[in-house]
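Subject: The structure you were asking for

Hi,

Here is the structure, ready for you to open in your viewer.

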Amino acid sequence: AVVSTQSTGYIINNLRLAPTNKMTEASKALFQFFDEDNNGGITLVELKEAMAGVGVKFSEEEVTKFFQKYDTDRNDEIDFNEFIALSVALNAQALSGSEQAIAQLFSSMDADGNRSLSHAEIREGIAKFTGKGANDEEVTALIKQLDIDHDGEVSYEEFSNNILTKIAVAIKNDI
């Protein structure tokens, strides 16, 4: 599926947000992270595998419910336009109730209270949050996705501004 800039702009403008090239490029990169086979759509399996690949594992019911909410055309794939709408919706929610949930999650993971999450804190936090453990490779992959300044840890700003975190909180809290 080819996505035109015009249709992407239409979705974002209808939500009263101005698209930027930086946002579009970041969204495309993240979309490609989820779209394992690069066919222009994210399947339920791809969503589960991408989240599990960074150590975030949910029940079949939780992920399916989230997926169905954002697969608005019901074709069993989240296309790029639906992904943009999902991203915008999660960003809007982050300004409301889910921001508190993200802050609470970060705080519960930050064992030493230094406002930065280490590899060990993330691994333990994933286990507490999802009820399932994550291996070192999964935690390292998650840190790679979240750690913008490449210092080996994840600050609150990096954690709270990342769409993976917002997706995880949305799935867990049925947002």
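**Cavities**

The second largest cavity has a volume of about 50 Å³. A cavity here is a set of points, on a 1 Å grid over the protein atoms alone, where a 1.4 Å probe fits but cannot get out, and its lining residues have an atom within 4 Å of a point. Grid points are joined across faces, edges and corners, and a volume is the space filled by probe spheres set on the points. The count comes to two cavities of 30 Å³ or more. The second largest cavity is lined by F34, I42, L47, F66, I78, F83, L86 and I167. Its lining divides into eight nonpolar residues, no polar and no charged, where Ala, Val, Leu, Ile, Met, Phe, Trp, Tyr, Cys and Pro count as nonpolar, Asp, Glu, Lys and Arg as charged, and the others, Gly among them, as polar.

**Before you read on**

This is a predicted model, in which local features need pLDDT of at least 70 and side-chain atom pairs count only at pLDDT 80 or more, while totals for chains, interfaces and linings use all residues. Residues are numbered from 1 along each chain as its sequence is written, and side-chain values use heavy atoms, with hydrogens and water left out.

**Overall layout**

The protein has ten helices and four strands, taken as DSSP runs numbered from the N terminus (helices H or I, at least four residues; strands E, at least two). From the N terminus on, the elements run α-α-β-α-α-β-α-α-β-α-α-β-α-α. Of the 175 residues, 45% count as buried (under 20% relative accessible area with a 1.4 Å probe, protein chains only; exposed is over 50%, partly exposed in between). Contacts are heavy atoms within 4.5 Å, and of those with a separation of 6 or more, 58% come from residues 24 or more positions apart.

**Helices with a buried face**

In α8 (residues 136-146), E138, V139, L142, I143 and L146 are buried. Seen down the axis of α8, these residues fall within an arc of 135 degrees, so they line one face of the helix; the arc is that of the directions from the helix axis to the C-beta atoms. E137 and K144 are exposed on the other side of α8. What do the buried residues of α8 pack against? Their partners are α3 (44-53), α7 (119-130), β4 (154-155), α9 (156-160) and α10 (163-172). At the N-terminal end, N135 caps α8, with a side-chain oxygen 3.0 Å from the backbone nitrogen of E137.

**Some single residues**

S160 sits in helix α9 and is buried, at 6% relative accessibility. Its side chain reaches the backbone oxygen of E157 at 3.5 Å. Leaving aside neighbours within four places in sequence, S160 is in contact with E99, I102 and K166.

Two loop residues may also interest you. N38, in the loop between α2 (21-34) and β1 (41-42), has a positive phi near 55 degrees although it is not glycine; N38 is exposed, with a relative accessible area of 57%. H150, in the loop between α8 and β4, likewise has a positive phi near 55 degrees in a residue other than glycine, and H150 is exposed at 67% relative accessibility.

Best wishes

Key:
Polar contact = N/O pair within 3.5 Å; in protein donor to acceptor, adjacent residues only side chain to side chain. 1 Å grid on protein atoms, 1.4 Å probe; cavity = no way out; pocket = protein on both sides within 12 Å on 5 of 7 lines; lining within 4 Å.
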